[in-house]
Amino acid sequence: MSNPTVTVPIREAIRYAQGRAERLGRTQQLEIGEDLFIRIGPGGRKFLLFCLDGEPPRSTAEAIAAALGLKNPTYGWHQGATLRSLTVIEEGAQSLPESGPAEADDGTL
């Protein structure tokens, strides 16, 4: 028998991922809509919003920044090898590392 399906509001899911990014110092990625993904950077104060086909709307990034409680975020574009991402960074979060602490061989932090 499979486990029951649980529906979680998207706001709750992205806040949970933000907390994990802050606590673990590791990027968290969620699929938040049809062909819409978010990668929340270590520290939880910056994120990338991207689609596999097309570009995400800035209005969506602004709504997510508000839901995450980012203060004075800046918005920009990052062109990767295969897709273009909308970047959102809270004022002062530019200095946060791109990756978190290294894991020990046993998988612990």
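**Close-up views of a predicted chain**

**Figure 1. Contacts and elements of the whole chain.** Among contacts between residues at least 6 apart in sequence, 38% join residues at least 24 apart. The model shown here is predicted. Its chain contains two helices and five strands, and from the N terminus on these elements follow the order α-β-β-β-α-β-β. Of the 109 residues in the chain, 33% are buried. The chain exposes about 7100 Å², and 50% of this area is supplied by carbon and sulfur atoms.

**Figure 2. The open sheet formed by five strands.** The strands are arranged in the order β1-β2-β3-β5-β4, with antiparallel pairing. Strands β1 (28–33) and β4 (74–79) are the edge strands, each of which pairs on one side only. From one strand to the next, the twist averages 25°. Within the sheet, β2 and β3 run antiparallel and are joined by four bridges.

Figure 3. Helix α1 (residues 10–24) lies across β1 and β2, and its direction is at about 170° to β1. Helix α2 packs on the sheet, where it touches β1, β2, β3, β4 and β5 (84–89). The direction of α2 makes about 150° with that of β3.

Figure 4. A pair of aromatic rings is described by the distance of the centres and the angle of the planes. The count for this model comes to one aromatic pair. The pair is formed by Phe37 and Phe50, which are stacked, at 5.4 Å centre to centre and with 15° between the planes. Phe37 lies in strand β2 (residues 36–40) and Phe50 in strand β3 (residues 46–50), so the pair ties together parts that are 13 residues apart in sequence. Phe37 has a relative accessible area of 12% and is therefore buried. Phe50 is also buried, at 5% relative accessibility.

**Figure 5. A charged end over the ring of Trp77.** The charged end of Arg84 is placed over the ring of Trp77. The distance from this end of Arg84 to the centre of the Trp77 ring is 4.4 Å.

**Figure 6. Asp53 in the loop between β3 and α2.** Asp53 belongs to the loop that lies between β3 and α2 (58–68). Its relative accessibility is 66%, so Asp53 counts as exposed. Asp53 and Thr82 are 29 residues apart in sequence, while in space they are 9.8 Å apart, C-alpha to C-alpha.

Notes. Residues numbered from 1 in each chain as written. Predicted model: local features only at pLDDT ≥ 70, side-chain atom pairs only at ≥ 80, totals over all residues. Heavy atoms only, no water. Phe/Tyr/Trp six-rings, centres within 6.5 Å; stacked < 30°, edge-to-face > 60°. Buried < 20%, exposed > 50% of the residue type's maximum accessible area, 1.4 Å probe, protein only. Lys NZ or Arg CZ within 6 Å of the ring centre and 35° of its normal. Contact = heavy atoms within 4.5 Å. Areas by Shrake-Rupley, 256 points an atom, 1.4 Å probe, with all protein chains shown as cover. Pairing = 2+ DSSP bridges. Axes fitted to C-alpha atoms, helices over the stretch in contact; angles between N-to-C directions.
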